[in-house]
Amino acid sequence: MTYDYLQGEDHHYYITGFAYSLPDDRKEKFTNKMYLSTIDCKNLEVSNFMVQELATLYPNRKLMGDEAVPYTIKSVHKSKDGGFSIIGEQVLSTYNISTAATSFSNYNIACIKLSKDFQMEYLTTIPKIQVGVNYFSFISTYFNEKIYILFNDNQENSNKYNYEDLKWMSNNQSKTGLFLATVSQDGTYKKEMILDYTNEKEKVNPILSKVISPNKILLNHVTKIGILNIK
């Protein structure tokens, strides 16, 4: 079992992760069974413990290459209807015994919407490849019943929605941009490049940026800061 302790809105924290169940041959390294429990810090009550099987999290066949990277849950957002929007990412860590350094590769993002009685309403996968680059991963916020996800990507991926069609993200400024993906209530999503790094000295660092209100993200731009307003 893996777990993450994540801060949510309105003084809530979440204990969430994936429950690993190894078969007899012990070759299975991950599972599609996700659990979630809510902690209300105002009255110190623990509630909403559930386990949900995500049947479409992985393709229903033998997994190849990057497909087999397990998911890590990165954020949980409480919906106005009492449900939950859960954002996960495929994260692969590699330890180099020679240099004693750990490197990370970050792949697809999964957006999971659960109703208040923990029934799955949708599971949407946003294809992404971030390998051997700086300023990887993403930051997310929930506003007006939509999920907004901010990440860096190759400029050529603006209109590409299939993993097989993606260009790898580059550290080359002229090939990289800041993208915003918007996931609607029905699980469909669109993405757009909102900042072209061609004439910028540095990229925005999503994982060092901060959501300061549901529709405002404080951007860490290494040498300066900025505000992204979502309307």
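**Entry 1: the chain as a whole.** I began with burial and found that 45% of the 231 residues in the chain are buried, meaning under 20% relative accessible area with a 1.4 Å probe and protein chains only, while exposed is over 50% and partly exposed lies in between. A note to myself: this is a predicted model, where local features need pLDDT of at least 70, side-chain atom pairs count only at pLDDT 80 or more, and totals for chains, interfaces and linings use all residues. Residues are numbered from 1 along each chain as its sequence is written, and side-chain values use heavy atoms, with hydrogens and water left out.

**Entry 2: strands and helices.** I looked up the secondary structure and got 0 helices and 16 strands; these are DSSP runs numbered from the N terminus, with helices (H or I) of at least four residues and strands (E) of at least two. The C-alpha atoms of the chain fill a box of roughly 50 × 45 × 35 Å along the principal axes.

Entry 3: Next I picked an open sheet of 4 strands, with antiparallel pairing in the order 10-11-12-13; two strands pair if DSSP finds at least two bridges between them. Strand 10 (138-143) and strand 13 (189-196) are at the edges with a single partner strand each, so one side of each has no neighbour in the sheet. Strand 11 (residues 146-154) and strand 12 (residues 176-183) are antiparallel partners over 8 bridges. Here I found Asn-152 opposite Leu-178 in strand 12.

**Entry 4: cysteines.** I searched the whole structure for disulfides and found 0, counting a pair of cysteine sulfur atoms within 2.5 Å as one. Cys-111 is buried at 1% relative accessible area, whereas Cys-41 is partly exposed at 33%.
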